[in-house]
Amino acid sequence: MPKPLTVVAFAGAALLVRRALRRRVQDSPLWPMPALDEPVSGRPRSRALRLLLTSHETVAEGVVQLRLEGRGLPGWEPGAHLDLVLPSGLVRQYSLCGDPADSSSYTVATRLVEDGRGGSREVHEQLREGMEIEVRGPRNRFPLIDAPSYVFVAGGIGITPILPMLRSLPEGAEWRLLYGGRTRASMPYLEEVVKLGAGRVTVVAEDEDGRPGLDSLFAELPEKGAVYCCGPEGLLTAVAERVPDVRFERFAAGVVNGGAFEVELRRSGRVLTVGADSSVLATVRAELPDTAYSCEQGFCGTCRQRVLEGEVEHRDEWLTDAERGDSMLICVSRSRSDRLVLDM
């Protein structure tokens, strides 16, 4: 018959093994099986990486380029972007503009936005070579498709996702690019873009020639040609008015749209009206200014809130289907019902 101390020792060891196994599964969802249901609408989570910032250089007026190095980095295709988790905790998305064949580094660039929310200023003024930066991704919402011809429109820093596309086009591909900016000195990668174009690039600096000539660019748009646009909201709107099926990427939060509805904040005892042109996040922050948020595009998960009642119209790319049963990202998602009740 086993001695009491032996039985206790075995029971304690078994408990420690079970706890260690549980922690192992939680920390590494792919071992030995997924810890979350396979998402259908929500995108799979990207494993966070810690990369070394080896270069922080100015490549145009108000634009810095970052080179982040690591080993065996996940591959990417033109149009992909990274999430950078800045030292302050802010999460910002930046298009990859380096070489997809380079598995040892990622290159991104960002413009300083003087009246922005602080992310670009932190990148410009606080990041230093030698720092470790957490990144997530890459992810691609802006892939380059096979098409008989291409028209690209870039505004300022909007050239960053388009540049790798131009480099990857096969020799003899039919394409045109309209690249606009405030001044030539403020337009990153301008010299390389012009060399790549060999007469197919139209450069329009506002201080020289006025605004880009979109009407002439699309006057003879080839049938089934693909149109790509990245730049400020006004440029995207102008292109979409001329080419409804344009493929675009914006580098700021998109325009909110949808019907008005009520949001009850159960713990706070407030009932708020979310307007058709406002977001749940903006409406809630007017009452609860300390509500956490970061990307405002449904990528980072910072603004996730528990839903107690109501039907959510999910517009994020972060939550899994299982999590969408009782959660939402209030920066982009809305309500299908007249009222949502949140645990806030």
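This is a dialogue about how the terms used for this predicted model follow from its values.

Trainee: What kind of model is this, and how are the residues numbered?

Mentor: It is a predicted model, where local features need pLDDT of at least 70, side-chain atom pairs count only at pLDDT 80 or more, and totals for chains, interfaces and linings use all residues. Residues are numbered from 1 along each chain as its sequence is written, and side-chain values use heavy atoms, with hydrogens and water left out.

Trainee: How many helices and strands does the protein chain have?

Mentor: Eight helices and 18 strands. Helices (H or I, at least four residues) and strands (E, at least two) are DSSP runs, numbered from the N terminus.

Trainee: Why is phenylalanine 142 called buried?

Mentor: Buried means under 20% relative accessible area, exposed over 50%, and partly exposed in between (1.4 Å probe, protein chains only). Phenylalanine 142 has 2%, so it counts as buried. Across the 344 residues of the protein chain, 43% count as buried.

Trainee: Where is phenylalanine 142, and what is it in contact with?

Mentor: Phenylalanine 142 sits in the loop between strand S6 (132–139) and strand S7 (149–155). Contact means heavy atoms within 4.5 Å. Leaving aside neighbours within four places in sequence, the contacts of phenylalanine 142 include Pro78, Pro161, Met165, Cys229 and Phe248. Phenylalanine 142 and alanine 80 are 62 residues apart in sequence, with 6.6 Å from C-alpha to C-alpha.

Trainee: What makes S9, S8, S7, S10 and S11 a sheet?

Mentor: Pairing does. Two strands pair if DSSP finds at least two bridges between them. Five bridges join strand S8 (residues 174–181) to S9. Four bridges join strand S10 (residues 226–231) to strand S11 (residues 247–250). The five strands form an open sheet in the order S9-S8-S7-S10-S11, and the pairing is parallel.

Trainee: Why are S9 and S11 called edges?

Mentor: Strand S9 (201–205) and S11 each have a single partner strand, so one side of each is left without a neighbour in the sheet.

Trainee: Which residues stand opposite each other in these pairs?

Mentor: Leucine 177 stands opposite valine 201 in S9. Cysteine 229 stands opposite phenylalanine 248 in S11.

Trainee: How is the packing of H3 and H4 described?

Mentor: Two packed helices are described by the angle between their axes and the distance between the axes. Axes are lines fitted to C-alpha atoms, for helices over the stretch in contact, and angles run from 0 to 180 degrees between N-to-C directions. The axes of H3 (residues 159–168) and H4 (residues 190–197) come within 11 Å and cross at roughly 35 degrees. Ile159, Leu163, Leu166 and Arg167 of H3 make the contact with Glu192, Val193 and Leu196 of H4.

Trainee: What hand does the crossing of H3 and H4 have?

Mentor: The crossing is left-handed. That applies if the near helix is turned anticlockwise from the far one by less than a right angle; clockwise is right-handed.

Trainee: Is tyrosine 189 buried or exposed, and how about alanine 198?

Mentor: Tyrosine 189 has 13% relative accessibility, so it counts as buried. Alanine 198 has 64%, so it counts as exposed. Tyrosine 189 lies in the loop between S8 and H4. Alanine 198 lies in the loop between H4 and S9.

Trainee: What is phi in these two residues?

Mentor: Phi is near 60 degrees in tyrosine 189, a positive value in a residue other than glycine. In alanine 198 phi is near 45 degrees, again positive in a residue other than glycine.

Trainee: Which peptide bond is cis?

Mentor: The bond joining glycine 137 and proline 138 is cis, with omega about 5 degrees. Proline 138 is in strand S6.
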